[in-house]
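Here's a quick briefing to read alongside the model. Have the sequence and the 3D view open as you go.

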Amino acid sequence: MSTAMDTPARTTLEAGAGRPFRFSLVLEDGRGTLRSWIGGKWAFFVGSAGVLLATGAATLAAAVASSSREVETPAFASVGAAIGALLSAWHLRPRSVHFLRRDGGWWWRGPGLFRRGWKALTEESPLRLEREILSTVEGFALYAGDLRILSYLGDPVIGRRVGLAFQAAGVPLRTVHRRRAPAEDSDPAS
């Protein structure tokens, strides 16, 4: 007979549907993944802009170079489009931060091709969640050491849920609340 105690706790949190920046957090069995990406129509526009800018720059370079010698403008434009596509794909790729519980503590490994290995999360160097409460939305950023691994602007509940998910898993986390000071009236007549 299986009870609720036999099944491992799984925390899944996703946010950003319909927004430019999206993220997904999954914590389960001493492992976790935090993924962030640009989604939907925003990804299309960012990718298209990257390809168009690189193609335009290559075409302009070909036009400048063709004044001094024989240069094929379509070849430069094709190379520019290829470079723009590669740069757009690089910029739009999902970024993943991995978490692992080992040796009695939590460790993290950052995004990128050249990951420098696992780093410990301790009470002296925990994850830091900086929440900024605005009038109707909340912006928050999640830091591991000096590296910002996630930033998000949206529903005020999301930042709190991210913090609670990490705390429930036992990940060392420090939350910092920031409030914007009310704008002072600079009109001397009032």
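Which elements each supply at least two residues of the lining of the largest pocket? They are β2 (21–28), β3 (31–38), α2 (73–92) and β9 (147–154). Before going further, bear in mind that this is a predicted model, where local features need pLDDT of at least 70 and side-chain atom pairs count only at pLDDT 80 or more, while totals for chains, interfaces and linings use all residues. Residues are numbered from 1 along each chain as its sequence is written, and side-chain values use heavy atoms, with hydrogens and water left out.

**Overall layout**

- The protein has three helices and ten strands; helices (H or I, at least four residues) and strands (E, at least two) are DSSP runs, numbered from the N terminus.
- Going along the sequence, the order is β-β-β-α-α-β-β-β-β-β-β-α-β.
- Of the 190 residues, 31% are buried (under 20% relative accessible area, with exposed meaning over 50% and partly exposed in between; 1.4 Å probe, protein chains only).
- Take the contacts (heavy atoms within 4.5 Å) between residues at least 6 apart in sequence: 46% of them join residues at least 24 apart.

**The largest pocket**

- This pocket holds about 370 Å³ of space. A pocket here is an open set of points on a 1 Å grid over the protein atoms alone, where a 1.4 Å probe fits, with protein on both sides within 12 Å along at least five of seven lines; lining residues have an atom within 4 Å of a point. Grid points are joined across faces, edges and corners, and the volume is the space filled by probe spheres set on the points.
- There are 17 lining residues, and Phe21, Ser36, Arg95, Ile149 and Ser151 lie nearest the centre.
- β9 gives the most to the lining, with six residues.
- By type, the lining splits into ten nonpolar, three polar and four charged residues. Ala, Val, Leu, Ile, Met, Phe, Trp, Tyr, Cys and Pro count as nonpolar, Asp, Glu, Lys and Arg as charged, and the others, Gly among them, as polar.

**Strand pairing around β5**

- β4 (residues 95–102) and β5 (residues 105–109) run antiparallel, joined by five bridges; strands pair if DSSP finds at least two bridges between them.
- In this pairing, Leu100 stands opposite Trp107 in β5.
- β5 is also joined to β6 (residues 119–121), again antiparallel, by three bridges, and Trp108 has Lys119 in β6 as its bridge partner.

**Two aspartates with positive phi**

- Most residues other than glycine have a negative phi.
- Asp29, in the loop between β2 and β3, has a positive phi of about 50° and is exposed, at 55% relative accessible area.
- Asp103 sits in the hairpin of β4 and β5, with two residues between the strands, and has a positive phi near 55°. Asp103 is exposed too, at 73% relative accessibility.

**Trp42**

- Trp42 is found in helix α1 (residues 40–66) and counts as partly exposed because its relative accessibility is 38%.
- Leaving aside neighbours within four places in sequence, Trp42 contacts Gly18, Arg19 and Pro20.
- The C-alpha atoms of Trp42 and Phe21 are 8.6 Å apart, with the two residues 21 apart along the chain.
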